[in-house]
Amino acid sequence: MDKWFYIDWQAIFIPSISIFELIIRGSLVYLALFSVLRLLPSRQIGTLGITDVLVVVLFAEAAQNAMASHYTSITEGGILVGTVIFWSYFLNWLGYKLPKFQRFLNPPPLLLVKNGQMIYRHLEKALITEDELMSKLRQQGVEFLAEVKLAYMEADGGISIITTETKTPSLAKQKGD
C-alpha cells in the first residue's frame, strides 16, 4: 500500500544520462531523419496519405531509442523535445537568412505541364500518374489540358496552375482608350 503513494522525485526530474549526450543524440537523429525525408521523392500531391503517416510513426518508433537510449525522467524528455524544436526553428531561420540553403530545405517547384503538354519525365520523378494530375486540374476548374499554360508541383505537394485564358481589361482601361 505504501508504493501507491510513494513518488521518486529524483527519477522524475534528474536525468539518468548526460544532458550533453541527450542533445547530441537528439541532434544527430533529427538531422539524419530530416535528410532522409528531404531526399525521398515528395509524392504527396497536397495530401497526407496512409504511407506518409506510417513513415512518420515508424521513424518515431525507430528513432526513440537512438535519441535517448532509455530515458525515464521528464527532464530528459523535455531536453529531447527542446532539441528537436531548436533544430526545426534553426533550419527554418537559416533558410530564411540564406536563400541558397532554402533550396535544400524545400525543393523548387517541379514543372508538370507546359503549354498544354505533360512533361512525363517530371511526372515520373514525382510519381504522379496522368489520372492524378488530371484530377488535380479538374479540382481547380480546368477541364482540358490545353487550357493549362503552366502547372507546377510545389514544395508542399500542391499543384499550382496558370491557365492560358486571357484576362479581360479593367473598365478603367477600356474607358481611357
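The legends below describe an overview and several close-up views of a predicted model.

Residues are numbered from 1 along each chain as its sequence is written. Local features need pLDDT of at least 70 and side-chain atom pairs count only at pLDDT 80 or more, while totals for chains, interfaces and linings use all residues; side-chain values use heavy atoms, with hydrogens and water left out.

**Figure 1. Overview of the protein, with nine helices and four strands.** Helices (H or I, at least four residues) and strands (E, at least two) are DSSP runs, numbered from the N terminus. From that terminus on, the elements follow the order α-α-α-α-α-α-β-β-α-α-β-β-α. The protein has 177 residues, of which 26% count as buried. Buried means under 20% relative accessible area, exposed over 50%, and partly exposed in between (1.4 Å probe, protein chains only). Among contacts (heavy atoms within 4.5 Å) with a separation of 6 or more, residues 24 or more positions apart account for 63%.

**Figure 2. The open sheet of four strands, in the order S2-S1-S3-S4.** The pairing in this sheet is antiparallel; two strands pair if DSSP finds at least two bridges between them. S2 and S4 stand at the edges with a single partner strand each, so one side of each has no neighbour in the sheet. Strand S1 (residues 110–114) and strand S3 (residues 148–153) are joined by four bridges. Across this pairing, leucine 111 stands opposite tyrosine 152 in S3. Four of the five residues of S1 are buried.

**Figure 3. The hairpin of S1 and S2, with two residues between the strands.** S1 and strand S2 (residues 117–118) run antiparallel and are joined by two bridges. Lysine 114 has glutamine 117 in S2 as its bridge partner. Asparagine 115, in this hairpin, takes a positive phi near 50 degrees.

**Figure 4. The largest nonpolar core, a set of 17 residues.** In soluble globular proteins, nonpolar side chains tend to be buried together. A nonpolar core is a set of buried Ala, Val, Leu, Ile, Met, Phe, Trp, Tyr and Cys residues joined through side-chain atoms within 4.5 Å. Leu112, Val113, Leu133 and Leu137 touch the most other members of the largest core. Two or more residues come from each of S1, helix H7 (120–126), helix H8 (130–139), S3 and strand S4 (159–163). Leaving aside neighbours within four places in sequence, leucine 137 is in contact with Val142, Leu145, Val148 and Ile161. Another core, of five residues, lies apart from this one and includes Tyr30, Trp87, Leu91 and Leu105.

**Figure 5. Helix H5 (residues 74–97), with 24 residues.** The expected span of a helix is 1.5 Å times one less than its number of residues. For H5 this should be 34 Å, and the end C-alpha atoms are 34 Å apart, which agrees. The buried residues of H5 are Glu76, Gly77, Ile79, Leu80, Thr83, Trp87, Leu91, Leu94 and Gly95.

**Figure 6. A stacked pair of rings, tryptophan 9 and phenylalanine 13.** Rings of Phe, Tyr and Trp (its six-membered ring) pair if their centres lie within 6.5 Å; planes under 30 degrees apart count as stacked, over 60 as edge-to-face and the rest as tilted. The structure holds five aromatic pairs. In this one the ring centres are 6.1 Å apart and the planes are at 0 degrees, so the pair is stacked. Both residues lie in helix H2 (residues 9–13), four residues apart, about one turn of the helix. Tryptophan 9 counts as exposed, at 53% relative accessibility, and phenylalanine 13 counts as partly exposed, at 43%.

**Figure 7. An edge-to-face pair, tryptophan 87 and phenylalanine 90.** The rings are 5.8 Å centre to centre, with 85 degrees between the planes. The two residues are about one helical turn from each other, because they are three residues apart in helix H5. Tryptophan 87 is buried at 17% relative accessibility, whereas phenylalanine 90 is partly exposed at 28%. Phe86, Trp87, Phe90 and Trp93 form one aromatic cluster.
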